[in-house]
Amino acid sequence: VNHLLGIKYLKASDVDLIFETADHFKEVINRPIKKVPSLRDITIANLFFENSTRTKLSFELAEKRLSADVINFSASQSSVKKGETLIDTVNNILSMKVDMVVMRHPNPGAGVFLSNHINASIVNAGDGAHEHPTQALLDSYSIREKLGEVKGKNVVIVGDILHSRVALSNIYALQLQGANVMVCGPKTLLPKYINKLGVKVETNLRKALEWCDVANMLRVQNERMDINYFPSTREYSQQFGVNKALLNSLNKEIVIMHPGPINRGVEITSDVADSDQAIILDQVQNGVAVRMAVIYLLASKIKQ
Ligand code: CP
């Protein structure tokens, strides 16, 4: 059985194939009839044990555009609340003849754990602070679309690196494609193992922005903190928030990205988030084509 559990399990050629397939699906979803019949014989369960707007809707739309049958499960409205385990929950769903599981879960490694216990393809839609592979793929796809290629580009990931699955998956994905990667944030929000990841580390946002072609701005994930890592939101936004005046003071125009959800006025001001310099909604749009590609390629292996 084949899975997408994390970018760290992919090769550069896998990413190339996903992007070439996504190029095709991007053209498809811009047609008047946005659907293809490719996955009429596949059933997919979207299991969300943690909140989501973009990823949940994007996967559902991608699956429907491929003509798969789709069932949606939200832990907060399920028998998980009565004490049912993850494996029992998934096996009950799989007994209804489901071929593929898309899962978001608060625990790092939940997808890998599940892959050892069930017989279906699993797509990781975010596992705690570990990986969010389809987000990293759509981020790189969006850089490739905007700048022609990812290779050789200087990309800085700014913010709460410690708690971010988007950061880790982006680091793996960008390095796989030959980009130069920097992380920038307060020392308290950088993981202790950061120097082992082969990235540049910067704690001065201006210096990071002067270096980069692309800045991916992350949200501070207060929901994953049991203590206050940084003195105040105001201090964070003053030192690590991007605003139009700061960007205008650079001697070049950089591309601004954000995976969402945005905390306007904290890590990014509205005059940046809503400007032509930001490709935030392009990222969301590309997410559907990239997820169609991932699901299509995994489903082709189920059919073999
Ligand atoms: N980018 C992202 O994962 O957003 P959601 O949490 O809304 O899915």
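Where is R219 found, between which strand and which helix? Select R219 and take a look: R219 is in the loop between β8 (214-217) and α8 (233-240). Keep in mind that this is a predicted model, with a mean pLDDT of 95 for the chain.

Stay on R219 for a moment. Because 20 other C-beta atoms lie within 10 Å, R219 is buried. Now show its contacts beyond four places in sequence: G159, D160, P261, N263 and E267.

Zoom in on K82. Is K82 buried or exposed? K82 counts as exposed, because it has 6 C-beta neighbours inside 10 Å. You'll find K82 in the loop between β2 (69-74) and α3 (86-94).

Time for the sheet. Colour five strands in the order β7-β6-β5-β8-β9: they make an open sheet with parallel pairing. At the edges are β7 (200-202) and β9 (255-257), each with a single partner strand, so one side of each has no neighbour in the sheet. On average, neighbouring strands here are turned by 20 degrees against each other, direction ignored.

Pick out β8 and β9, which pair in parallel over three bridges. Select N216 and you'll see M257 of β9 opposite.

Last stop: the helices. Helix α5 (residues 133-147) lies across β8 and β9, at about 160 degrees to β9. Helix α6 (residues 165-176) lies across β5 (154-158), β6 (180-184) and β8, at about 160 degrees to β6.

Methods
Residues numbered from 1 in each chain as written. Predicted model: local features only at pLDDT ≥ 70, side-chain atom pairs only at ≥ 80, totals over all residues. Helix = DSSP H or I, 4+ residues; strand = E, 2+ residues; numbered from the N terminus. Buried ≥ 20, exposed ≤ 12 C-beta atoms within 10 Å, placed from the backbone. Contact = placed C-beta atoms within 7 Å. pLDDT = per-residue confidence, 0-100. Pairing = 2+ DSSP bridges. Axes fitted to C-alpha atoms, helices over the stretch in contact; angles between N-to-C directions.
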